[in-house]
Amino acid sequence: MGDTEKIETVTGRSARGSSRRKPKNSQLPYAIVLIALVGALSWFLDQRDNGTFWLLLTGLAFGYILQRSRFCFTASMRDPYLTGSTTVTRAVLVAFAITTIGFTAIKYGYFINGLPIPGMSYVVPISFATIAGAILFGIGMVIAGGCASGTLMRFGEGFQMQFLSLIFFIIGSLWGAHDFGWWKYHFISKGKSIFLPDYFGWLGAVVLQLFIIFLLYIAAEKYQEVKSNH
Amino acid sequence: MKEVILDCFGEACPIPLVKAQNKIKELEIGDILIVQIDHSCAMKNVPDWAREDGHNVEVEEIDDGEWEVIIEKVK
């Protein structure tokens with residue numbers, strides 16, 4: 001209530017917008033009910049499969065941060081071209097740097113204990129298929145208004161067009177999964193899979209990757225400077 | 001000095017941004033462009049672009065998940 005008044009007096013010209021503003025109901029009861037439901041669901045799932053609770057919690061935390069921060073992988077790749085702003089791009093690079101350290105720490109932890117390194121199935125061959133796929137994905141995500149996480153987040157937010165994106169995102173994923181074997185056999189497996197620690201050692205791999213991210217960060221900053229002076 | 005309203009409700013990012021960029025070119029200095037959006041992503045990149053471009057910008061939440069970005073063209 002106090003907020004409304006403040007905005008009106010400060011700006012003066014916003015009166016038109018503010019007059020259309022509906023009185024806001026507190027959403028707190030919904031939030032409490034939702035949290036209770038999620039709690040019950042996670043308890044129920046955890047009974048059947050141990051650890052599901054933590055997966056759900058991580059997912060929720062990720063979604064919450066994604067929504068509140070307006071973090072958007074699509075924007076990070078699109079806005080430099082569209083607006084010349086690389087703030088989101090740099091935020092993604094910072095996230096990459098942090099995950100580089102985190103993932104390496106987890107993998108190294110398993111490695112020195114002589115355990116199989118987790119997540120090695122994601123070390124997949126790189127080839128021209130990677131580039132072709134990246135371009136297709138890039139075109140698709142700009143048209144759909146979000147990548148995978150962005151689409152899910154905005155669907156949760158209640159943006160109706162993204163509902164359509166979600167349906168076709170599911171259809172596309174299923175179709176992709178259906179034909180993946182063929183693509184893998186004919187194209188993807190022709191490439192070479194590279195796990196950086198095998199080539200540069202664990203420390204070398206982290207330093208190299210962080211250095212590349214750092215260079216990209218500098219490049220992004222310079223790009224914005226050039227664009228805004230233009 | 002005129003006030004132009006750009007209705008971008010239901011349009012996903014980056015459409016509101018591109019529309020706003022095109023519209024502001026048609027306006028004179030001192031005119032006000034009001035971009036109505038309900039896509040949270042556009043709530044970030046429209047004001048960012050306008051500020052970067054040197055205009056006066058204000059964002060107002062007119063309803064839950066609906067915003068008006070008020071841009072005063074200054075150059």
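Which residues of chain B does UniProt list for "domain: UPF0033"? I looked this up first: the unreviewed UniProt entry lists residues 6–30 of chain B. UniProt positions are in the numbering used here, feature names are shortened, and annotations may be inferred rather than shown by experiment.

**Entry 1. Basis.** I note that this is a predicted model, in which local features need pLDDT of at least 70 and side-chain atom pairs count only at pLDDT 80 or more, while totals for chains, interfaces and linings use all residues. Residues are numbered from 1 along each chain as its sequence is written, chains are lettered from A and ligands numbered from 1 in the order in which they are written, and side-chain values use heavy atoms, with hydrogens and water left out.

Entry 2. I found the end C-alpha atoms of residues 6–30 of chain B 17 Å apart, and the span to be 48% helix and 12% strand. Helices (H or I, at least four residues) and strands (E, at least two) are DSSP runs, numbered from the N terminus.

**Entry 3. Interface of chains B and A.** I find 33 residues of chain B in contact (heavy atoms within 4.5 Å) with 29 residues of chain A. The buried area (accessible area, 1.4 Å probe, that the two parts lose on being put together, summed over both) is about 2500 Å², and carbon and sulfur atoms give 50% of it. B:Ser40, B:Glu52 and B:Glu60 supply 19% of what chain B buries against chain A, more than any other three residues. I looked for salt bridges (a side-chain nitrogen of Lys or Arg within 4 Å of a carboxyl oxygen of Asp or Glu) across this interface, and the rule finds zero.

**Entry 4. Helix H5 of chain A.** In H5 (residues 73–82), I list A:Thr74, A:Ala75, A:Ser76, A:Arg78, A:Asp79 and A:Pro80 as buried, meaning under 20% relative accessible area (1.4 Å probe, protein chains only). These buried residues pack against helix H6 (87–112), helix H7 (128–144) and helix H10 (196–229) of chain A, together with H2 of chain B. A:Gly84 follows H5(A) and has a positive phi, near 80°.

**Entry 5. A:Thr151.** I located A:Thr151 in helix H8 (residues 148–157) of chain A. A:Thr151 is buried, with a relative accessible area of 3%. A polar atom of its side chain lies 2.6 Å from the backbone oxygen of A:Cys147. Leaving aside neighbours within four places in sequence, A:Thr151 is in contact with A:Gly146, A:Gln162, A:Ser165 and A:Leu166.

Methods: Buried < 20%, exposed > 50% of the residue type's maximum accessible area, 1.4 Å probe, protein only. Polar contact = N/O pair within 3.5 Å; in protein donor to acceptor, adjacent residues only side chain to side chain.
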